[in-house]
Amino acid sequence: PSHDILRSENGVAPKLIVSGGSGSITFADHLEGVRTAKYLKDLGFPDSLLLTENISKNTHENAVFTAELLKKNNITGKYLLITSGCHMRRSLGCFAKEGLICDPYSVDMHGGEGRASIDYFLLPEVSVLAEWNILIHEWVGCVTYKLSGYL
């Protein structure tokens with residue numbers, strides 16, 4: 001199978017790092033890094049190109065443990081940070097604090113064709129209210145991380 005996930009217009013990335021343990025008290029055994037790595041392997045992604053960090057419990061620890069993994073494996077160069085659009089600012093800040101300057105790649109931008117009309121900006125959509133918890137979570141996370149010195 002093709003491994004285009006590592007290709008870009010500037011070349012091919014030598015490794016893909018999947019980062020994430022479990023930040024859940026209820027599902028402590030659901031390790032994001034392990035689950036994502038298994039998914040990629042099931043798709044035919046080769047083990048030799050994959051590194052997994054699975055002990056972090058939050059974004060700050062994702063950055064700290066990823067930086068350690070990069071150093072341990074002597075990986076330097078450019079980095080691409082892939083995460084959700086609403087979480088990108090905090091993620092970039094945490095990785096920068098660890099000396100990892102990353103290019104952002106958002107996986108879930110909200111928007112679409114035809115959404116730049118004046119009535120779109122003046123008339124609220126009820127469905128947007130259901131997603132305020134995501135925005136509030138990120139605001140609280142950014143303030144908490146700033147006060148904790150993670151950003």
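Guide: C94 counts as buried, at 1% relative accessibility. This value, like the others that follow, is computed from a predicted model. C94 takes part in no disulfide, and the nearest cysteine sulfur, which belongs to C142, is 8.4 Å away. A disulfide requires two cysteine sulfur atoms within 2.5 Å, and by this rule the count comes to 0 disulfides. C102 is another cysteine that counts as buried, with a relative accessibility of 14%.

The setting of C94 is helix α3, which comprises residues 88-97 and in which M88, R90, S91, C94 and F95 are buried. Viewed down the axis of α3, these buried residues fall within an arc of 165 degrees, so they line one face of the helix. The elements that cover them include the helices α2 (59-72) and α6 (132-148), as well as the strands β5 (79-83) and β6 (102-106). After α3 comes G99, whose phi is positive, near 85 degrees.

The side chains of R90 and E138 meet in a salt bridge, with an N to O distance of 2.8 Å. R90 belongs to helix α3 and E138 to helix α6, so the pair ties together parts that are 48 residues apart in sequence. Both ends of this bridge lie under the 20% limit for burial: R90 counts as buried at 6% relative accessibility, and E138 counts as buried at 8%.

The buried residues of α6 are E138, G141 and Y145. They cover an arc of only 65 degrees around the axis, which puts them on the same side of α6. On the other side of α6, V143, K146 and L147 are exposed. The buried residues of α6 pack against α2 and α3, and α6 is itself among the elements covering the buried residues of α3. G149 follows α6 and has a positive phi, near 85 degrees.

The bridge between R90 and E138 is part of a total of 3 salt bridges. Another joins the side chains of D42 and K38, at 2.8 Å from N to O. D42 and K38 are 4 residues apart in helix α1 (residues 32-42), a separation of about one helical turn. D42 is exposed, with a relative accessible area of 56%, whereas R90 is buried.

The remaining pair is K41 and D47, whose side chains meet in a salt bridge at 3.1 Å, N to O. K41 counts as partly exposed, at 40% relative accessibility. D47 counts as exposed, at 51%.

Note on methods
Residues numbered from 1 in each chain as written. Predicted model: local features only at pLDDT ≥ 70, side-chain atom pairs only at ≥ 80, totals over all residues. Heavy atoms only, no water. Buried < 20%, exposed > 50% of the residue type's maximum accessible area, 1.4 Å probe, protein only. Helix = DSSP H or I, 4+ residues; strand = E, 2+ residues; numbered from the N terminus. Arc of directions from axis to C-beta. Contact = heavy atoms within 4.5 Å. Salt bridge = Lys/Arg side-chain N within 4 Å of Asp/Glu carboxyl O.
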